[in-house]
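Please have a look at what is on the screen, and then I'll walk you through a few spots.

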Amino acid sequence: MGRYDFRPLRVHRTASQLFASERIKNVPPWHEVVGTVPPAQTLVRSQPLQHQEKPRKSKTRKPSKLFQPQRIVYEEDRLRKEFYGDHPWELARPRVVLENDGRDSERKNWSLVSQPDRPVDGESVVQRQMFLLHGNPETGHIPDPNMTPARAYDQARKEFYEARLQQDIERRVAKEEAMATGAYFGKTTLQIGMELEDKTFEEWKAWAAQEAVQMEQRQAAMYTGVENDSAALPEPSNPELEAAIGELDASIPAQGQEALGGAAVRP
């Protein structure tokens with residue numbers, strides 16, 4: 001770790017000397033406080049409390065992570081990890097953090113997964129499972145000695161599903177009663193999402209058709225052949241041009257004829 005650093009212990013004295021020699025105009029705001037309550041002079045760190053004992057391979061060598069804080073693990077953390085690993089979409093539900101301070105087991109009776117003053121969520125399953133495993137000494141509930149974590153998880157999860165099903169039925173009935181009296185709820189989030197998906201698909205389909213036409217045009221311009229000849233536009237007809245070409249063809253001798261007229265060839 002190197003040498004000990006004593007400079008923090010000399011900060012007050014150094015500031016006083018600088019002020020006395022007029023190298024600084026004013027003393028720092030902390031000058032009086034540090035003089036009244038000086039820094040601690042303990043140079044050896046005390047060993048923290050070991051929460052869990054691990055067997056050492058060598059008793060003569062100290063562990064390298066001796067002064068690091070120990071990891072604090074609660075039983076509820078393992079139950080939460082198991083539940084939210086099986087139900088990841090429960091984390092997407094909105095929740096208020098202030099309604100859970102970690103002491104629900106002291107103020108609530110978790111003999112039922114549903115509580116009158118809080119919604120049913122993953123924390124309800126965790127607290128219900130803890131109740132089945134350890135009971136509640138305040139209410140005199142004694143846990144079943146044959147209860148295992150797997151059985152407690154299955155029972156708490158079953159009650160959770162039943163509570164959620166009851167909530168869905170109540171919402172559907174309330175919506176039907178409101179619609180019967182003339183209420184209008186508009187489109188659901190699923191319908192809005194499907195409309196946006198259809199709109200995006202139609203835009204992509206139009207873009208794909210345009211890209212296909214452009215690709216065919218580039219291929220037709222790249223190669224010569226039947227497609228290029230058929231795609232070529234016909235030349236406009238000109239009667240005067242066709243007549244001049246006909247007169248020119250008549251004056252050109254055919255193969256095997258001698259040319260008539262012109263200057264005589266001298267030897």
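Let's begin with Ser124: with a relative accessibility of 1%, Ser124 counts as buried. Buried here means under 20% relative accessible area, exposed means over 50%, and partly exposed is in between, using a 1.4 Å probe and protein chains only. Ser124 sits in helix H5, residues 122-134. Helices are DSSP runs of H or I with at least four residues, strands are runs of E with at least two, and both are numbered from the N terminus.

Which residues does Ser124 touch, leaving out those up to four places away in sequence? They are Trp110, Val113, Arg118 and Pro119, where a contact means heavy atoms within 4.5 Å.

A quick word on where this comes from. This is a predicted model, in which local features need pLDDT of at least 70 and side-chain atom pairs count only at pLDDT 80 or more, while totals for chains, interfaces and linings use all residues. Residues are numbered from 1 along each chain as its sequence is written, and side-chain values use heavy atoms, with hydrogens and water left out.

Now step back to the whole protein. How many helices and strands does the protein have? There are 9 helices and 0 strands. Of its 267 residues, 15% count as buried. Looking at contacts with a separation of 6 or more, 40% are between residues 24 or more positions apart.

On to the aromatic rings. Searching the whole structure gives 4 aromatic pairs. Rings of Phe, Tyr and Trp (its six-membered ring) pair if their centres lie within 6.5 Å; planes under 30 degrees apart are stacked, over 60 edge-to-face, and the rest tilted. Take Phe160 and Tyr161: the ring centres are 5.9 Å apart and the planes meet at 55 degrees, so this pair is tilted. Phe160 is buried at 2% relative accessibility, whereas Tyr161 is partly exposed at 41%.

Phe201 and Trp204 make a stacked pair, because their planes are at 25 degrees, with the centres 6.1 Å apart. Both lie in helix H7 (residues 189-222), 3 residues apart, which is about one turn of the helix. Phe201 is partly exposed at 44% relative accessibility, and Trp204 is partly exposed at 49%.
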